[in-house]
Amino acid sequence: MARRADGNTIMEALVTTVIMGILSMAFMAVLLMNYKTNAKLDNMQDTLNAVRAIKERISKDVREGRSLGDVYGTQTTDPANVDPLTGLPIPLIVGSAGFPSSNDPVYGGNSPPPQPTGWPAATVSSPYTLSNQCLIVQIPVLDDHADTSTQHFRDLNQLGWPTQIPASFSSSGIEQDNVETHVYRVVADPSNAGEYLLQFASFGGAGGAITGFTGYNSSVHTFGPQTLVSGIIGPIDSVTGLPKVFQFISPKRSGTPVDSIPNPSYTAEYTGVVCNLEIRRHQDMSTHQKNFSVTPIGMKIEVFLRNNALATSAGAPSQ
Amino acid sequence: MRASNSLQQTGWRRYIDEHRSANGISLMECMCAVVVGSILLYAVFGSASSMYIMSSGNENQILASNMAQQVIDNARDSSFGTLNLECNGSVQSTSTGTSSQVLSLYQYPSGSNPFFPRPLLRNTASTAGMSYSTASTNKPFPGTVTETLTTINAYVPQPPDVAISTGPATGEIQVTVLCQWKDSQGSHKYTTSTLISQTGIHN
């Protein structure tokens, strides 16, 4: 079309507008596609980070763990093992699948654990119990003191030994390990239907007034719940329709994971935790960006207690 | 009119005006513009595509390291006798053999003495009583996981409950996990190992 000095006709303007419109639409489509791709990348990276974080968090806790459930249970004897010196069956403490157990010297009496916001109250009659939606791990309370002869002093460079609760404070009448209880729960996400949150709460062990080790402040170690990860969508239990996240393994009984401890007396034998996860994270900043969620990541974590076989605890220090 | 403008303008604008054609743009100019535009678009989408591929690669790397860690944890939770059985055929074998198994990622393993007794990545066995979304199950791990048991030092028969403080080395079995997978970036490997002793904490 020849260029003219008298300007453009209306037809030329219309044609130009149509062409520019088509080009603009194409350009906007490209921009939108780029935006979606970036959002998808963000969500994918978010999901990967969540998986990595939760894997490391739970693995660290379980490996440091003294027991699953509540280690303070009933004192009994093991008929299969006789003390060669006394000829008597070796005494042992049978754990509990629920926290707090009736023999818990810190929370089992008239001191129920603090109730985290939004969580059901845990009492001796209605404890938190090992299940697909609840994991209870107890961690030894370590002393940060050092003893030399009869002197007892605080040394921040010392990691110390696991501490004990003296027999005088123990319902079983014998010294017991002092542990801090970590509870993980899978709860429905109130903001996103069909999704679940993994939350964590800590319940402190016995403080200095009981153990004599003053370097541990129980109240500081009592907090929660904290949300560790959101966007859990499975795997879903075919019967209950709820996420089947936690399972438990007893290498002694069977290699097959169980959903709950079949007999509380067996609790101490369950030393493995399986954590089944299917996570699909989406950016928290905008609910609209759920549309750009990536393919979920389905995986499992399997980790075993390490401190149960190594626990050597220290009695009350010389003051 | 252009001439009068040219007199008033300087620099690149004047240059452009002097070289502007009254006949519009040529096909060659149009092609050049398209090529330049394509290169720019390729740069934009190429980087996004690369990031997407890298994220997928990261996912496989995380899954691989997680599976390897599970195998190591399971081996550490096993007794030396169990590993000796799997590696050399019996709990108290004094052989120095090596044995490997490719581990099952989604189902319980078949056969006797599986090195890892459960599905390694996702438990999708019908007996598990749980299900993952189709989106997850449609995305399998693009590779294999192999566990190898190697006897470094043969089992040393000892009376029970006697600590070994001197004498020959005690039995030691090395557990090695090798994860291999392929994706759009090529072939990848992740390997890790541990040593389990006859006098370890679980024996």
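Biologist: Which ground rules apply to the numbering and the values?
Modeller: Residues count from 1 along each chain as its sequence is written, chains are lettered from A and ligands numbered from 1 in the order in which they are written, and side-chain values use heavy atoms, leaving out hydrogens and water. As this is a predicted model, local features need pLDDT of at least 70 and side-chain atom pairs count only at pLDDT 80 or more, while totals for chains, interfaces and linings use all residues.

Biologist: Is Asn178(A) buried or exposed?
Modeller: Asn178(A) lies in the loop between β10 (176–177) and β11 (179–188) of chain A; strands are DSSP runs of E with at least two residues, helices are runs of H or I with at least four, and both are numbered from the N terminus. Beyond its neighbours within four places in sequence, its contacts include Tyr72(A), Ile139(A) and Thr211(A), where contact means heavy atoms within 4.5 Å. Buried means under 20% relative accessible area, exposed over 50% and partly exposed in between, with a 1.4 Å probe and protein chains only. Because its relative accessible area is 1%, Asn178(A) is buried.

Biologist: How does Val15(A) count, buried or exposed or in between?
Modeller: Val15(A) sits in helix α1 (residues 10–64) of chain A. Its relative accessibility is 42%, so Val15(A) counts as partly exposed.

Biologist: Which residue of β4(B) stands opposite Asn153(B)?
Modeller: Strand β3 (residues 143–153) of chain B runs antiparallel to β1 (residues 98–102), with five bridges joining them; strands pair if DSSP finds at least two bridges between them. On that side, Ser99(B) has Leu149(B) as its bridge partner. Ten bridges join β3(B) to β4 (residues 172–183), again antiparallel. There, the residue opposite Asn153(B) is Glu172(B).

Biologist: What share of the 203 residues in chain B is buried?
Modeller: Chain B has five helices and five strands, in the order α-α-α-α-β-β-α-β-β-β from the N terminus. Among its contacts between residues at least 6 apart in sequence, 58% join residues at least 24 apart. The buried share is 33%.

Biologist: Which residue of chain A forms a salt bridge with Arg118(B)?
Modeller: The contact between the chains takes 42 residues from chain A and 40 residues from chain B, and two salt bridges are counted there. A salt bridge is a side-chain nitrogen of Lys or Arg within 4 Å of a carboxyl oxygen of Asp or Glu. With the closest N and O atoms 2.7 Å apart, the partner of Arg118(B) is Glu302(A).
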